[in-house]
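The structure is shown first.

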Amino acid sequence: TIIAVCGGIHISDCSQCTFHLSCMTRPILLAGNEDLVLAPYHTHYPTLSEHVEKAGLSTAYNCWNDPIESGLSADDDTKPPYQLMSPSDFSSFVTPITMDGPLKKNPCPLPKEYRDSAAKQAKNREASLKSWQKAVNDAHLDVDQKQKMQSYAEKLFQDWLRQTGNNMQLLT
């Protein structure tokens, strides 16, 4: 998974990769790509706007969803090397960085269907978390039981990360 604000991007010889982009020019897909997923940029950190400006980039015009396929013949019947991410699969990426800065949200405008999907998923996650916290509080566990519950939940989470391949997305 690549998450980037960029002036342009050329992608070649990639397989089963996801690109979350804010791209000032149309992404160029060269030969050798397969099973790519393109999606809008979906994260932020407090000083991102400053970094974007210093790099001479803009988030006002985003061509992430309009790639140019280069190196493919017009009569090629093979499946396209990319697809756009379904809004139902889209969610925001939370950057685990603590720093001072003015930015509090993604500076890259999201298409409505992706913005709505991310908001719905965030609302569902919040409701699930509150439900879990209520269940734990209602169980009236002592300290030892709470520690065992936490260890078990962490083990289940680690198992899920390994089984789904999501452990590859975590920062180490």
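This is a predicted model: local features need pLDDT of at least 70, side-chain atom pairs count only at pLDDT 80 or more; totals for chains, interfaces and linings use all residues.

## Strand β5 and its partners

His-20 has Ala-39 of β5 as its bridge partner.

In general, the strands of a sheet are held together by backbone hydrogen bonds, in a parallel or an antiparallel sense.

## Burial along β5

How many of the residues of β5 are buried? Five of the five residues in this strand, which spans 36-40, are buried. They point two ways: Leu-36, Leu-38 and Pro-40 point to one side, while Val-37 and Ala-39 point to the other. Residues pointing either way are buried, with under 20% relative accessible area as the cut-off.

## The three-stranded sheet

An open sheet is formed by three strands in the order β2-β4-β6, with parallel pairing. Strands β2 (10-11) and β6 (68-69) are at the edges and have a single partner strand each, so one side of each lacks a neighbour in the sheet.

Strand β4 covers residues 28-29 and pairs with β6 in the parallel sense over two bridges. Within this part of the sheet, Leu-29 lies opposite Glu-69 of β6.

## Chain overview

The protein chain contains seven strands and three helices. Along the sequence, these elements follow the pattern β-β-β-β-β-α-β-β-α-α. Among contacts in the chain with a separation of 6 or more, 63% are between residues 24 or more positions apart.

The chain has 172 residues, and 28% of them count as buried. Its accessible surface is about 11,800 Å², with 54% belonging to carbon and sulfur atoms.

## The second largest pocket

Empty space can be located by rolling a probe the size of a water molecule over the atoms. The second largest pocket holds about 340 Å³ of space. It is lined by 16 residues, and those closest to its centre are Ser-92, Lys-105, Asn-106, Leu-110 and Ala-118.

Which classes of residue make up the lining of this pocket? Eight of the lining residues are nonpolar, five are polar and three are charged.

How values were computed:
Residues are numbered from 1 along each chain as its sequence is written. Side-chain values use heavy atoms; hydrogens and water are left out. On a 1 Å grid over the protein atoms alone, a cavity is a set of points where a 1.4 Å probe fits but cannot get out, and a pocket is an open set with protein on both sides within 12 Å along at least five of seven lines; lining residues have an atom within 4 Å of a point. Grid points are joined across faces, edges and corners, and a volume is the space filled by probe spheres set on the points. Ala, Val, Leu, Ile, Met, Phe, Trp, Tyr, Cys and Pro count as nonpolar, Asp, Glu, Lys and Arg as charged, and the others, Gly among them, as polar. Helices (H or I, at least four residues) and strands (E, at least two) are DSSP runs, numbered from the N terminus. Buried means under 20% relative accessible area, exposed over 50%, partly exposed in between (1.4 Å probe, protein chains only). Contact means heavy atoms within 4.5 Å. Accessible areas come from the Shrake-Rupley method with a 1.4 Å probe; for residues, only the protein chains shown count as cover. Two strands pair if DSSP finds at least two bridges between them.
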